[in-house]
Every structure is written in C-alpha cells, then in structure tokens.
Amino acid sequence: MPSCFSRRWQLRQLIAASSLILLVACAEKPTAADATPLPVASTLPVAPVAPVAPVIAVDANLDIQPTISFSDWQAGFRAQALQAGIRPDIFDNAFAGVTPDMSVVKADRSQPEFTRPVWEYLDGAISAARVRKGQALLNQYADVLQNIETRYGVDRQVLVAVWGMESNFGQFQGTQSVIRSLATLAYEGRRRGFAQDQLLAALQIIQHGDITADRMLGSWGGAMGQTQFIPTTYNTHAVDFDGDGRRDIWNTPADALASTAHYLQSSGWQRGQSWGYEVGLAKGFDYALADASTRKSLAQWQQLGVSLANGSPLPAGTDQQQAALLLPAGYRGPAFLVIDNFRAILKYNNSSSYALAIGLLSERFRGGGYVIGEWPRNDTPLSRSERIELQSLLSAKQYDAGTPDGIIGANTRKAIRSAQQSYGWPADGYPTHELLETLRKP
C-alpha cells in the first residue's frame, strides 16, 4: 500500500467520476449513524471545519490522479482539527502510520447488481439461531435491560433485536481502523465533508478517553461498536450506563444497549406502543394508498376495509396515532400498518426491510412475529441494471421517475403507480419484470 497518492491511482471502471459519485451515493445502506444528530451537546465545542479535499484530475483514460498527496491533505486537516480543539498529541498518535486503505474505497464505490428479496432478507435476519441467542441474552441481561427500559422507554426486545442485527450480539463489530477508514474517505471518498466530520468526531472520542485509537475498530464506513454508531452519533447519544467513566459501546453491552435506547428515544420512540401490525386488505382495496406519505388513523384504515391479518379488528388507537400501509413485496405479498415506532427504527437504518426485521425479530423473542401472508417467493426482483432501465423507460413514456440511479425511491414509486394505473393494474408502486417488459414494448 503506498504511503500517499502522489502517483497515479488506478481504479476500476468509471463511466465518469462525477456521475459515479452521484450514483453510488444513493446505493449505500443508510445506518443509524448516518442520521443527522439531534442538537445534543457534544463532547467538545467544535468549530466549523471546511472539507480539506484534494483536487482530482481525470484524464482521457478515466484514471484518477489526485493533485494533492495524502500527507498534504493530512497536514491541512491537522491544522483544522487542532483549531477545533483536538490536542496535537492526540492527532499525531491517531494518525501515526496511517495510509489510505484501498479496500475502503472499493467498498464505498461498490454497486451490487443483485439484491436479496425481502423474504430472503427476513429469513436470514430472523433465523432460529439468532432468536435463541437473543432470548438467552434477554434473560442474561434482564436487570440491565429493565433499568434501560425504565429510563428510556424503549422495549428491551427491540434493543436486543438491534443488537443482533447490527453485530450478531457483538460478535461482528468490524475489524478496520476507524481512523484509517474515515481518513481514506475524507481524502478520496464520495462524501468527503461527511467523512471529515466523522473523523473529527472520532478524534474527540479518543481525546475524551472512551477508547484509544488503536482499539477504535469498526466497519469500513466508520460504524463502531456492538450497535454500530458512527462517531457523530456516538458523541450525541452514547451513554456510560454502567458508570465506569467510559462510554464503551465496544466491550460493554450495557453501554451499547443504553446508547441505542437513547438514540431511539430521541428519534421519537413511543413507550408502550407497537411498531405496527400485519394486516389483511379488503377485496378491491386501492393499493395506491400503500405509500409512506399517506398516513391515517387506525380507525380510518379500518373504515377502508383493513383488519388484522387473522381477520380481527384493528386495535383501538387514537386519531393522533397515524399509520402508513407498507407492501414490501407489492400487492401479492403480506401487508403491514406501520406506526411511529417503525419510523423511529427507520431513523436508525433507513431501510423498510431492516425496520420490518427489527419489529418481527423483537416479537419472535416473545413467541410471535410470524408472518401470516405468503411471500411471492417465485418472484425474481429486478437487478440494478434492470431498475435503471425501468426508470429510464418510465421517464421516456412521460412517467417522471427522476434520475435513473437504480434506487426505487418515492419518485420512482409514484411513476410506477401512474404506469400501473394506466394499464389497469393494482397500483402498488412495486417494480416487476412484467412492468419492465410492458414498458419495453413500443
């Protein structure tokens, strides 16, 4: 590994450097740590730090050649970190021997062509082994979890579910140096300003004495500990629950679980409420209502013919308790009404599949969490290139799907619904091969 990037740096295929950065920016799985921190006092007062970004030159062969070396970037960032309150000895020790990590760059720019369908994701997330382990840990840490639940109002089963999903209960926290990973991303990555903010926060954590630089290990993206916080979220939400003077989310489950509870509480978790319910829909139901922006009270949904999946009436709720209808596999799969606590989980990880896994896994610990509706397991999800083609075809036929990036977001789903309605199909906003084949026809 070179000590700097002053020589030409070979990368895998780039269609164009700028367009690739925009494309990959939408593809990364967001995490709790990725959310904008709430205005809670951080460890140190932080002066605004402007990104210290190298100038990147792109030649005709699409090879990237930075015009500033890593050491020069590091010197510039050091000056700004010291201005923000980081001690020179802390910075120099943290950066001793640090060089850019090309595996981090590769991971940051990776764009998987195929993704698992939601039912396969849930099969792995709610495995029998994970359920048994979670149940055992609920018993082992019963007193600690009771205290956390009392203080923050977040259900213990949900906390243990997050613990299991994020690191398999602390077993897989990541083995990469957080300082090196973030320094690489701050120097070369697609979101340099964001990475630099995280790097400064990581130095604050070290200076605070919670962990040393050599022991600050995590994922390639800088997520750390048993429940995978990024540094800025750590600074605003990590807590020393066991009272030993350190917020140790790496080695102390009590600190990791309490920090997660603090984050979920700050994200709007409602004490004593469910995350949502699996439901059944009446014949002739308007599937266009299955949109995150369409929120109604449980009574209003019931008036529209929505019941629990077993046919029972929906629980009595208040008009203030608004729910949205989620069809994770389209109209042919199970349906769920999701409420405020589901939204709080989304702030931890902005993926409906993840939030659904947390909700179902937390119920499975108590003997529930079994989905009644049948998943369309014979359905093959669109690949990334097919999703891009779908978006392009939708826009070409005047259904504005936005930028063709392969990410099925709100704009694309709206466009899909419009196309489905024009064909007289159930307008669930779900991308299918049938729709793609239909759009391909002249």
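How many helices and how many strands does the protein have? The protein has 18 helices and nine strands, and the model described here is a predicted one.

## Overall make-up

Of the 442 residues of the protein, 50% count as buried. Among the contacts in the protein with a separation of 6 or more, 70% are accounted for by residues 24 or more positions apart.

## The helices α9 and α10

Two packed helices are described by the angle between their axes and the distance between the axes. Helix α9 covers residues 178-188 and helix α10 covers residues 192-208, and their axes come within 7 Å of each other while crossing at roughly 150 degrees. Because angles over 145 degrees count as roughly antiparallel, α9 and α10 are roughly antiparallel to each other. The crossing in which α9 passes α10 is left-handed.

On the side of α9, the residues that meet α10 are V178, I179, L182, A183, L185, A186, Y187 and E188, and their counterparts in α10 are R192, A195, Q196, Q198, L199, A202, L203 and I206. Sorted by class, this contact of α9 with α10 has 12 nonpolar, two polar and two charged residues. Helix α9 is also mostly covered, since 10 of its 11 residues are buried; these buried residues are V178, I179, S181, L182, A183, T184, L185, A186, Y187 and E188.

Strands of a sheet pair through backbone hydrogen bonds, either parallel or antiparallel. In this protein, five strands form an open sheet in the order β6-β8-β9-β5-β7, and the pairing is antiparallel. The edge strands are β6, at 295-297, and β7, at 306-308, each of which pairs on one side only. From one strand to the next, the twist averages 45 degrees.

Strand β5, residues 276-281, is joined to β7 by three bridges, and the two strands run antiparallel. Within this pairing, G280 stands opposite S307 in β7, while L281 has V306 in β7 as its bridge partner. Strand β5 is also joined to strand β9, residues 335-338, by four bridges, again with the strands running antiparallel. Here the bridge partner of V279 is A335 in β9, and that of G276 is V338 in β9.

## Strand β9 and its side chains

One of the pairs is formed by L326 and its bridge partner F336 in β9.

In a regular strand the side chains alternate between the two faces of the sheet. Which residues of β9 point one way, and which point the other way? A335 and L337 point one way from β9, whereas F336 and V338 point the other way, and all of them are buried.

Q173 lies in the loop between α8, at 156-167, and β3, at 176-177. Buried means under 20% relative accessible area, so Q173, with a relative accessible area of 16%, is buried. When its neighbours within four places in sequence are left aside, Q173 is in contact with S167, G218, S219, A223, G225, Q226, Q228, I249 and W250. As for A223 in that list, Q173 and A223 are 50 residues apart in sequence, and 8.4 Å separates them in space from C-alpha to C-alpha.

Is L436 buried or exposed? L436 counts as buried, because its relative accessibility is 1%. If residues up to four places away in sequence are not counted, L436 touches L382, E386, E389, L390 and L393. The C-alpha atoms of L436 and L394 are separated by 9.0 Å, although L436 and L394 are 42 residues apart along the chain.

Notes
Residues numbered from 1 in each chain as written. Predicted model: local features only at pLDDT ≥ 70, side-chain atom pairs only at ≥ 80, totals over all residues. Heavy atoms only, no water. Axes fitted to C-alpha atoms, helices over the stretch in contact; angles between N-to-C directions. Parallel < 35°, antiparallel > 145°, perpendicular 65-115°, else oblique. Left-handed = near helix turned anticlockwise from the far one by under 90°. Contact = heavy atoms within 4.5 Å. Nonpolar A, V, L, I, M, F, W, Y, C, P; charged D, E, K, R; others polar. Buried < 20%, exposed > 50% of the residue type's maximum accessible area, 1.4 Å probe, protein only. Pairing = 2+ DSSP bridges.
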